[in-house]
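Trainee: I would like to learn how to read a model like this one. Where do we start?

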Amino acid sequence: MSGVILLTGFDAFGGDAVNPSIDLARALEGEVVDGSRVVAEQLPCEFARSTTFLFAALERWSPRLVLAIGQAGGRADLSFERIAINLIDARIADNAGAQPIDVAVDPDGPAAYFSTLPIKRMAAAVRRAGVPASISYSAGSFVCNQIFYALQHRLAGYSAGIPGGFMHVPLLPEQAVRRASTGQAISASMALAQMVLGTRVALQAALRDPVPGMAGLESSEGILS
């Protein structure tokens with residue numbers, strides 16, 4: 001067997017009892033993709049502790065590839081994130097009650113990082129498998145973006161050559177129903193089985209492709225060029 005694929009997901013937040021990101025990661029745990037075993041790690045949806053858990057998981061597994069996963073209410077497909085920005089600007093409080101506004105993920109880090117996964121090839125493979133997928137250019141500014149940025153920063157600095165990135169997933173149907181029942185706007189959703197199929201196909205596509213080799217962006221002009 002050739003190495004480990006690390007999937008991370010978050011615990012439930014924002015009043016939900018579940019989070020599809022960790023359910024998805026755990027559903028794939030133990031599978032073998034291109035000779036590598038999938039492992040799942042749960043991260044707390046907390047600014048102060050999430051990166052500590054992430055870095056511990058990287059040390060524990062020394063993975064061949066890392067895909068961090070998060071929930072994005074309102075999205076209807078598997079969204080492969082392209083850019084992590086060096087910004088925390090929390091619209092709501094995290095699970096510890098913290099709500100940082102306009103602070104950097106890393107004051108000494110670059111303005112942004114690109115995913116180092118072949119996300120266009122991954123999204124295309126997922127769509128061919130019949131699962132909705134797209135490329136996203138905004139990972140937000142909550143804990144998901146913080147983890148995406150921290151992951152890319154760590155891989156660029158200490159584990160160069162390991163591809164890593166972030167994917168947002170829709171709500172589960174039961175989450176969408178609960179929100180609708182409380183008077184919130186009807187939200188898109190996706191069954192866990194469909195997420196599992198799409199993510200499995202995405203991982204297969206990623207491991208067959210070379211790493212794009214995107215490095216950190218030194219300024220906002222780099223993002224736009």
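Trainee: What is the mean pLDDT of the protein chain?

Mentor: This is a predicted model, and the mean pLDDT of its chain is 91. Of its residues, 91% reach 70 or more. Over residues 213–225, however, the pLDDT is below 50. That stretch has 20 contacts in the model beyond near neighbours in sequence.

Trainee: Next, the sheet. In what order do the seven strands of the open sheet stand?

Mentor: First the general idea: strands of a sheet pair through backbone hydrogen bonds, either parallel or antiparallel. Here the order is β2-β3-β1-β4-β9-β5-β8, and the pairing is mixed.

Trainee: Which strands stand at the edges?

Mentor: Those are β2 (32–33) and β8 (133–136). Each has a single partner strand, so one side of each is left without a neighbour in the sheet.

Trainee: How many bridges join β2 to β3?

Mentor: Two bridges join them, and β2 and β3 (residues 36–43) run antiparallel. Val 33 has Ser 36 in β3 as its bridge partner.

Trainee: Which helix lies across β1, β3, β4, β5 and β9?

Mentor: That is helix α4 (residues 143–158). It runs at about 165° to β9 (164–169).

Trainee: Now the helices. How is a pair of packed helices described?

Mentor: Two packed helices are described by the angle between their axes and the distance between the axes. Take α3 (residues 119–128) and α6: they pack at an angle of about 135°, with their axes 8 Å apart. That angle makes α3 oblique to α6. The crossing of α3 past α6 is right-handed.

Trainee: Which residues of α3 and α6 meet?

Mentor: From α3 come Arg 121, Met 122, Ala 125 and Val 126. In α6 they meet Gly 198, Val 201, Ala 202, Ala 205 and Ala 206. By class, this contact of α3 with α6 has seven nonpolar, one polar and one charged residues.

Trainee: At roughly what angle do the axes of α1 and α6 cross?

Mentor: The axes of α1 (residues 20–28) and α6 (residues 192–208) cross at roughly 60° and come within 10 Å. The two helices are therefore oblique to each other. α1 passes α6 in a right-handed crossing.

Trainee: Which residues of α6 does α1 meet?

Mentor: They are Leu 192, Met 195, Val 196, Thr 199 and Arg 200. On the α1 side are Pro 20, Asp 23, Leu 24, Ala 27 and Leu 28. The residues of this contact of α1 with α6 divide into seven nonpolar, one polar and two charged.

Notes: Residues are numbered from 1 along each chain as its sequence is written. This is a predicted model: local features need pLDDT of at least 70, side-chain atom pairs count only at pLDDT 80 or more; totals for chains, interfaces and linings use all residues. Side-chain values use heavy atoms; hydrogens and water are left out. Axes are lines fitted to C-alpha atoms, for helices over the stretch in contact, and angles run from 0 to 180 degrees between N-to-C directions. Helices (H or I, at least four residues) and strands (E, at least two) are DSSP runs, numbered from the N terminus. Angles under 35 degrees count as roughly parallel, over 145 as roughly antiparallel, 65 to 115 as roughly perpendicular and the rest as oblique. A crossing is left-handed if the near helix is turned anticlockwise from the far one by less than a right angle, and right-handed if clockwise. Contact means heavy atoms within 4.5 Å. Ala, Val, Leu, Ile, Met, Phe, Trp, Tyr, Cys and Pro count as nonpolar, Asp, Glu, Lys and Arg as charged, and the others, Gly among them, as polar. pLDDT is the predictor's confidence in each residue, from 0 to 100. Two strands pair if DSSP finds at least two bridges between them.
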